[in-house]
Amino acid sequence: MSRDGDAFDMLLTEDRRFPPPEGFRERAVVSDPDVYEDAERDFQEYWAAWAEELDWFEPWHTVLEWTPPHAQWFLGGRLNVAYNCLDRHVNGPKRNQAALIWEGEPQDERRVYTYWDLHREVCQFANALKGLGVGRGDRVAIYLPMIPEAAIAMLACARIGAPHSVVFGGFSPESLGDRINDAGAKVLITADGGYRRGQVLPLKAAADKAMENCPTIEHCVCVARGFGLSKVSGVHMTGGRDHWYHDLIADASADCPPEPMDSEDVLYILYTSGTTGKPKGVVHHTGGYLTQVYATTKVVFDLQDDDVYWCSADVGWVTGHSYIVYGPLANGATVMMYEGAPDWPHRGRFWEICEKYGVTVFYTAPTAIRAFMKWGEAFPDQYDLSKLRLLGTVGEPINPEAWIWYHNVIGGGRCPIVDTWWQTETGAIMITPLPGVTATTPGSATLPFPGIEAKILNDEGEEADAGYLALTRPWPSMIRTIWGDDQRFKDTYWSKWPDTYFTGDGAKRDGDGNLWVLGRVDDVLNVAGHRIGTMEVESALVDHPAVAEAAVVGKTHDVKGESVASFVTLKDGIEGTDELVAELKQHVVDKIGAIARPETVIFTGALPKTRSGKIMRRLLRDIADGRAVGDTTTLADPEVVMSLKNRYEEEGKI
Ligand code: WTA
């Protein structure tokens, strides 16, 4: 949720402090506040000590080589991520411990994989991929619902050194196709369908549509999501290209030696929205990434042997990569995974799962917490949540009211809350409380993780109490480049100040030195914790034959944080009807996916522009949020704003 000035002034008066409960602190993985100082003495040494907890086939000779903006970590080291997530547990006492407990959206569906089970199936699928010609360095696209095969596919790719590119199942065929083509993926892994609120979404059909325009795809693997062949009508398998996952597994050997990867080999590509219409393929490498997701999972989620850990994100986003799959499994955790929606078939579903499996650590997004608040306490109150001992949030700023509700109603007043700030590009958690050390304040992500250096800078690069959030020192899991476009990597993150990473977020510091992340300062929206570029939605709208011009801004939304508000100028002679509004909304869904659907479409004769022709989004945001319209003196035609504002009010959109 973006925070405007007034709301922030209120936040600064937030004086509630929540120190770690004594019983929690005593048992915590980290409880000594000196950890910060220790890490500061030599941050490279600090990270190297974490890296030593992983299994390496070859030791590194140099911890860090920093040639801004390119960092290399643990040079010369060789390791395999799947080996670290599976084999080393299988070789020890955890071999028959549950690694993955999966529950389907239909309440009677459950699968449990022990570490040994998961190891076996990952090896089999890795061999199957090899059989399809996938080798080290080949890219594999994954377009799956939240089923165990999503984690299995990722780990199988990691095992053979094939970078994966996971595409969230809610993206449209066109978005999927763009991502496949940008990465030049050779194989696509999908499913016949996936459950969402009782419906089965036909993923294979969407994948087929995408593959019509994907010349690099040689094979497609399709998981039969249980109901497989019967319930999803129209699953078409193209001979020679398409294969059922279960057929491939049935014939595959469970013996697949892990590929010894260089610490700086690519582990995965993950596309995320930026300020242009084209998503960026964020590239993560192997050794540094695994080190930081391993360390942060252990410390921030305080992982203990008897924990049942649940992160409710989708594997299609970075949170799912780092905190469902790689971080928790590298730690040998028991990971809960749930396929469906939080309100299906009832609004207590998450709490039912927490009770049923004795979830102890729960990590979700503020947008979900605000939805739970809206639904009311009666739902969580029906379930025994007493096993929960630690709660986390990620994805957007959390408003103190939601924080307190989460603390009291879900956490029973006894669970510390870790509000974790990070990004697809940072790969792992960067700013966060340490649950056994930090006295938290509702709404603040508090302090950089040990070893991380974050500052608030102004345009000149000087430190300030309010300004841009910047990362001023390399970190192991940092983005290495943008796939196929290193110049864009340099321009996007490293051109504002020398050798300093620009996050795109605004932040302030309070009297205790705690950081408050205020939201994006660029043209990126955060809708229900998902990043959406305004330019992407604008290009989708302009792609419709009736549209001459479009401007998209974020409108404050009480549950999603922000929603998409669009202002559209139609071509001459075309009338703005209700049918056209519906058609334009659907057009955006078809082009990008349902997450980008505009909540409002307002037709206007002209868009407010500066004399140099730049659309004044600030004014549009004011209109969308129903605020008094700000300064219009630089506008080419101030009349446009007033008529637009009147229009917006008339249509009752405020
Ligand atoms: C926002 C998600 C405030 C922020 C892991 C960031 C947050 C963007 C927080 C990255 C938080 C994430 N407090 N804002 N705790 N966590 N954000 O790439 O604007 O999907 O830049 O990564 O989410 O979103 P992304």
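The structure is a predicted model, in which local features need pLDDT of at least 70, side-chain atom pairs count only at pLDDT 80 or more, and totals for chains, interfaces and linings use all residues. Residues are numbered from 1 along each chain as its sequence is written, and side-chain values use heavy atoms, with hydrogens and water left out.

I begin with the ligand.

Next, the polar contacts, meaning pairs of N or O atoms within 3.5 Å. A side-chain N or O atom of T424 is 2.6 Å from an oxygen atom of the ligand. From the backbone, an N or O atom of T420 lies 2.7 Å from a ligand nitrogen atom, and one of P397 lies 3.4 Å from a ligand nitrogen atom. The ligand on its own has 520 Å² of accessible area, of which the protein covers 96% (Shrake-Rupley method, 1.4 Å probe).

I turn now to the domains. An automatic or database assignment gives domain 1 as 22-54 + 76-260 + 289-451 and domain 2 as 524-650. Their C-alpha centres lie 34 Å apart. Across the interface, 16 residues of domain 1 are in contact with 16 residues of domain 2, with contact meaning heavy atoms within 4.5 Å.

Note on methods
Polar contact = N/O pair within 3.5 Å; in protein donor to acceptor, adjacent residues only side chain to side chain.
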